[in-house]
Amino acid sequence: MNELQEQEGFLKKIIEIFNQSSVAYRHYLDGEKTYRYAQELKSINGNALELLMHFRARFGPDIQSAIESLIKHYTAWSLQWEKLDAEKEFRPDEQFVFANDVRFPREAARHLETMYEQLG
């Protein structure tokens with residue numbers, strides 16, 4: 001597989017994960033922010049972080065900058081999630097909400113989406 005194919009495969013997969021995460025976040029909000037939906041979101045965001053970490057050094061600075069912004073967000077978000085989860089055993093229908101000052105870097109995500117569109 002050449003670098004362009006690898007880049008296209010990465011971008012396709014991360015965009016799929018962004019879409020899954022968006023749906024899961026909507027379920028979380030519509031489902032009264034319960035632990036059940038928070039777990040779904042945690043799993044999907046964990047997949048995103050794993051993929052980003054795997055590909056973080058494989059591409060040029062144009063992609064690396066976006067990847068690093070996303071890694072920073074997912075890492076901070078995951079740490080907050082795990083901190084709250086460790087406080088007690090949550091029931092599936094119990095609210096699971098924490099403050100997160102590191103906002104999702106929409107511009108970084110859009111940059112990756114635009115790059116993918118340009119490849120297609």
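**Close-up views of a predicted model**

View 1. Over the face of the Phe90 ring lies Lys88, at 5.0 Å from the ring centre.

**View 2. The stacked pair of Tyr35 and Trp81.** Among the aromatic pairs, which number 13, the one formed by Tyr35 and Trp81 is stacked, because the ring centres are 6.0 Å apart and the planes meet at 25°, which is under 30 degrees. Distant parts of the chain are linked by this pair, since Tyr35 belongs to helix H2 and Trp81 to helix H3, 46 residues apart. Tyr35 is buried at a relative accessible area of 10%, and Trp81 likewise counts as buried, at 6%.

**View 3. Tyr35 with Phe90.** Tyr35 also forms a stacked aromatic pair with Phe90, with 5.4 Å from centre to centre and 20° between the planes. Because Tyr35 lies in helix H2 and Phe90 in the loop between H3 and H4, the pair ties together parts 55 residues apart in sequence. Ring pairs link Tyr35, Trp81 and Phe90, together with Trp77, Phe96 and Phe98, into a cluster.

**View 4. The largest pocket.** The largest pocket holds about 800 Å³ of space, and of the 28 residues that line it, Tyr25, His73, Trp77, Phe104 and Arg106 are the closest to its centre. Helices H1, H2, H3 and H4 each supply at least two residues of the lining, with the largest share, 8 residues, coming from H1. By class, the lining residues divide into 16 nonpolar, 6 polar and 6 charged.

Key:
Residues are numbered from 1 along each chain as its sequence is written. This is a predicted model: local features need pLDDT of at least 70, side-chain atom pairs count only at pLDDT 80 or more; totals for chains, interfaces and linings use all residues. Side-chain values use heavy atoms; hydrogens and water are left out. On a 1 Å grid over the protein atoms alone, a cavity is a set of points where a 1.4 Å probe fits but cannot get out, and a pocket is an open set with protein on both sides within 12 Å along at least five of seven lines; lining residues have an atom within 4 Å of a point. Grid points are joined across faces, edges and corners, and a volume is the space filled by probe spheres set on the points. Helices (H or I, at least four residues) and strands (E, at least two) are DSSP runs, numbered from the N terminus. Ala, Val, Leu, Ile, Met, Phe, Trp, Tyr, Cys and Pro count as nonpolar, Asp, Glu, Lys and Arg as charged, and the others, Gly among them, as polar. Rings of Phe, Tyr and Trp (its six-membered ring) pair if their centres lie within 6.5 Å; planes under 30 degrees apart count as stacked, over 60 as edge-to-face and the rest as tilted. Buried means under 20% relative accessible area, exposed over 50%, partly exposed in between (1.4 Å probe, protein chains only). A charge sits over a ring if NZ of Lys or CZ of Arg is within 6 Å of the ring centre and within 35 degrees of the ring normal.
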